[in-house]
Amino acid sequence: MKKLVLFAALGCAVLAAACAPSSSEDRGVRVAARTAAEAAEEAPAEASPAGRQYALLIAIDRYRAWPALKKPVADARDIRDILKERYYIDEVIELYNAEATKGNIIKTFTELQKKLDTQDSLFIYYAGHGHLDAASNAGFWVPVDAGTDVYGQENWLPNSQIRGYISQLKSIHVFLASDACFSGDILNTTRALPGQIDNEYYRRAYALQSRQVLTSGSSETVPDESEFSRAFKVCLRKNEAPLLDPVGIYNDVRLSVSATTPLYGTLNQANHQEGATFLFFRRTEGAVRSAPAPAGEAAAVPGLAAEIETGAISVYSDVAGSVLIDGAETGTRVKAQGTVLVRNVPTGATEIAVRGEDGRITRAASRPVVRAGRTVSAEVRNPAAAKPAVPSAPAAREYAPGDVGPGGGIVFYDKGSSSGGWRYLEAAAQDAGEAEWGLYDKNTDAAGTAVGDGKTNTRLILEALRREGETGRAAQLCAAFEAGGFTDWFLPSKDELVLMYRNLKLKGLGNFGDRLYWSSSSLDAESVAGRNFGDGKLAAFYKDSPGRVRAVRAF
C-alpha cells in the first residue's frame, strides 16, 4: 500500500538580478542586461505492478550572495510532511540551502534519469530566487552558490536546461510546482481545462505521459511571504478526494492568491502527451491501491494496480450522503433512495455506513462479506424513512436566528438557501470550556476568515496540534464536544464569531460571558483573531492566552 503516489517538487527556475541585488523581500528582481554606460502544474487484480513515487524538494532561503528569503525551506518541509502523512510516496529527495548548489541539482537530475523507470512518477517542488534576463527572455533558477553578476551569470541554472533534464526522464509522469518568479517562460499555459473530470478522464489521462507545471507567477516578482506555497499546502491538506491532479490544485490555488497570477500548463518541448495528467493518491484507512475506472469497466492503467484481493459493494441508501467503508471515507456519494457501486473494497466482512448532510451516520444492519472479484449488496436504511410517505407532509422546517437548532444550540446565521451541505449555523448552548489556542510561534494554514471557513480551519488546526503533540487546546475542546447527538462541532471563523456576537450576545442570547472568545482564524505564528464579548472589540490575541471556547456547527 505504500507506493501509490509520487510527487516531484520542482519549481520554476529563475534567477534574480542585476549586479548586487539588495531587496530581501522579493524572490526575484527583473533586470534587463544593460551596458556599462546605462549601468545599473482502477485496475483489475491482474494489472501491472505500480511504479514508484518520488518527490524532489529544492528550497533555498540562505544564499551565499543573494538576499536571504524567509520561508522557502520551511514551506518545502511542510509539503514533505503533508505528502508523507496524507499521500502515498516511496522516496523523498531533499536539497536545502547549502545542499542546493548548481552542481548538486544537476547531479540529482542525472541520477534520477538513471533511477526512474517507465512506470514511475516524480513531483518536483522548487522555492527560491529566480531571474528573467530581459535581453534574451531566458529564465533561470538561482542555486545557493549563484553569483550576482547579471552578465557573468555564474552558477545560474537556465530553465531550458531544467526542461532538458525533465524531458530525458523515463518516468511516465512529472509534475513541477514552482514557487519562484519569472517561471512562465518554460511552459505552454493552458486555458482550455478539461470540461468533465471524472473516472473516465482519470483512467485515460493517467495512461499517457505527462509533464505538467504549476507556477506561482510568470514574468513578475513573487513576494517573499508566499501566498502560493500557503495555498498549495492548504489544498493538499484539505483535499478529501482519493485522487488529486494538477488541474484541481490550480483551480484551488488561483482563487487563494492575489499578489501574483499562478499559471498552469505543460512543459515546453518535454514530450508531454495531450490529455495526460499526474495524480496524487490520498491515503485512506483500508484504501485499495488502484487506478480509477468508470462503472462497469476495468481499467488496465500502467503504473497502478490492486495489491490485495478486492471486490465491490452495491450500496442502496435511504439517506443522501458520503459512503463510508469500515469508517473511512470512500469519496463516493449516494443520493437519497439511490444506489451506487463502490469498487476495490478489501475482501472480508465490511461495515457500510452513510454520513448524511446533517453529519449523522447511518449504518447498514448487516456486514456484507466481500469476496474477490464479486459484487455484494448492502442496504442503509433510515428508520424514519421506513414509514410510508404522507402526501400532505409539511415542508422541511426553516429556522431563524434565535431558534433552537437540531443540536440543542441557538441558530445565529441563515444564508438563505442550502449549498455545500448546509444553510444554517448554530452555536452550542454553553461554552465548551476555557483553553489556550495553542501552536504558539508556529504558522498554520488555518487562515480562513469568511463564513463557512470555520470547519476547514478547525480540521487544519487539529492536524497541526496532533503533529506537535499538544492537547487541551481550543479546537480540541470543540472536536470533543457533543450535543443533541451531534459530534460535528467546530471552532468558528472570525466572521462566524462576529455573527455570533451580533445575533446572540448583543440580544442577550446564548449565556455568553464578558470574556475573550476564540475564533479559528490564525493571523500569524503568534496571534489569532478573537473577540472580547465584554466590550465587543475584535482584535489579535496571543495564542498562549486563555480564552473561552464556544463550539458551532453547520446544518
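Which backbone oxygen does the side chain of Arg423 reach? In this predicted model, local features require pLDDT of at least 70 and side-chain atom pairs count only at pLDDT 80 or more, whereas totals for chains, interfaces and linings use all residues. Residues are numbered from 1 along each chain as its sequence is written, and side-chain values use heavy atoms, with hydrogens and water left out.

The side chain of Arg423 reaches the backbone oxygen of Gly416 at 3.4 Å. Arg423 lies in strand β24 (residues 422-427); strands are DSSP runs of E of at least two residues, helices are runs of H or I of at least four, and both are numbered from the N terminus. Its relative accessibility is 16%, so Arg423 counts as buried (under 20% relative accessible area, with a 1.4 Å probe and protein chains only). Beyond four places in sequence, Arg423 touches Glu398, Tyr413, Asp414, Lys415, Gly416, Ser417, Ser418 and Phe555, contact meaning heavy atoms within 4.5 Å.

Nine of the 12 residues are buried, among them Phe228, Ala231 and Phe232.

The axes of α5 and helix α6 (residues 246-254) come within 9 Å and cross at roughly 125°. The contact involves Phe228, Ala231, Phe232, Cys235, Leu236 and Lys238 of α5 and Ile249, Asp252 and Val253 of α6. The axes are lines fitted to C-alpha atoms over the stretch in contact, with angles from 0 to 180 degrees between N-to-C directions.

Technical notes
Buried means under 20% relative accessible area, exposed over 50%, partly exposed in between (1.4 Å probe, protein chains only). A polar contact is a pair of N or O atoms within 3.5 Å; within protein, one must be able to donate a hydrogen and the other to accept it, and residues adjacent in sequence count only if both atoms are side-chain atoms.
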